[in-house]
Amino acid sequence: QLVESGGGLVQAGGSLRLSCAASGSIFGAMGWYRQAPGKPRELVAAITSGHSTNYADSVKGRFTISGDNAKNTVYLQMNSLKPEDTAVYYCKAFSYTTHLAYWGQGTQVTVSS
């Protein structure tokens, strides 16, 4: 089970921090995706259990993904937000136990200009 929190409405240039708490399995790589209206879901950032990270070019230098292995939680710190960052943000995690990937329910992020 993945439970996301931290979305909301913010003005351009502002910041938000998303959290995704995982439970019920042993998880490895985790990541954040987003989907804007009329657009396909895209990877925003991902982190491995060894804390290696990768980012979409559009968020490099503005977003930071981090993880707390002890809490099975991944965070996405979003700074210098732009209106084009507006989307539903989804957490995704790969389970070592089931070898399946799981999605959170999504959290809305809206950036006003």
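**Strands, core and disulfide in a predicted model**

Good morning. I begin with strands E4 and E5, which run antiparallel and are joined by 5 bridges. Helices (H or I, at least four residues) and strands (E, at least two) are DSSP runs, numbered from the N terminus. Two strands are said to pair if DSSP finds at least two bridges between them.

A word on the source. This is a predicted model, in which local features need pLDDT of at least 70 and side-chain atom pairs count only at pLDDT 80 or more, whereas totals for chains, interfaces and linings use all residues. Residues are numbered from 1 along each chain as its sequence is written, and side-chain values use heavy atoms, with hydrogens and water left out.

Let us return to E4 and E5. Methionine 30 has isoleucine 47, in E5, as its bridge partner. The hairpin of these two strands has 6 residues between them, and there glycine 38 takes a positive phi near 80°.

E4 is also joined to E9, by 7 bridges, and these two strands run antiparallel. Which residue in E9 is the bridge partner of tyrosine 33? It is tyrosine 90. Glutamine 35, for its part, has valine 88 in E9 as its partner.

With E11, E9 pairs in the antiparallel sense over 3 bridges, and tyrosine 89 stands opposite threonine 107 in E11. Strand E10, residues 101-103, is joined to E9 by 3 bridges, again antiparallel. Here alanine 93 stands opposite tyrosine 102 in E10. In the hairpin of E9 and E10, with 5 residues between the strands, histidine 99 takes a positive phi near 60°.

I turn now to the open sheet. Four strands form this sheet in the order E1-E3-E8-E7, with antiparallel pairing. Its edge strands are E1 (2-5) and E7, each of which pairs on one side only. Neighbouring strands are turned by 15° against each other on average, direction ignored; the axes behind this value are lines fitted to C-alpha atoms, for helices over the stretch in contact, and angles run from 0 to 180 degrees between N-to-C directions. E7 and E8 pair over 6 bridges, and isoleucine 65 has leucine 76 in E8 as its bridge partner.

Leucine 76 leads us to the core. A nonpolar core is a set of buried Ala, Val, Leu, Ile, Met, Phe, Trp, Tyr and Cys residues joined through side-chain atoms within 4.5 Å. Buried means under 20% relative accessible area, exposed over 50%, and partly exposed in between (1.4 Å probe, protein chains only). The largest nonpolar core has 27 residues, and those with the most contacts inside it include Trp32, Val44, Leu76 and Tyr89. Among the elements that give two or more residues to this core are E3 (16-22), E4 (27-35), E8 (73-78) and E9 (87-95). With neighbours within four places in sequence left aside, leucine 76 is in contact (heavy atoms within 4.5 Å) with residues including Leu18, Trp32, Val44, Phe63 and Tyr89.

Finally, the disulfide, a pair of cysteine sulfur atoms within 2.5 Å. How many disulfides does this rule give? The count comes to 1. The pair is cysteine 20 and cysteine 91, with sulfur atoms 2.1 Å apart. Cysteine 20 lies in E3 and cysteine 91 in E9, 71 residues apart, so that distant parts of the chain are linked. Both cysteine 20 and cysteine 91 are buried. The torsion about their S-S bond is about -80°, so the disulfide is left-handed. Thank you.
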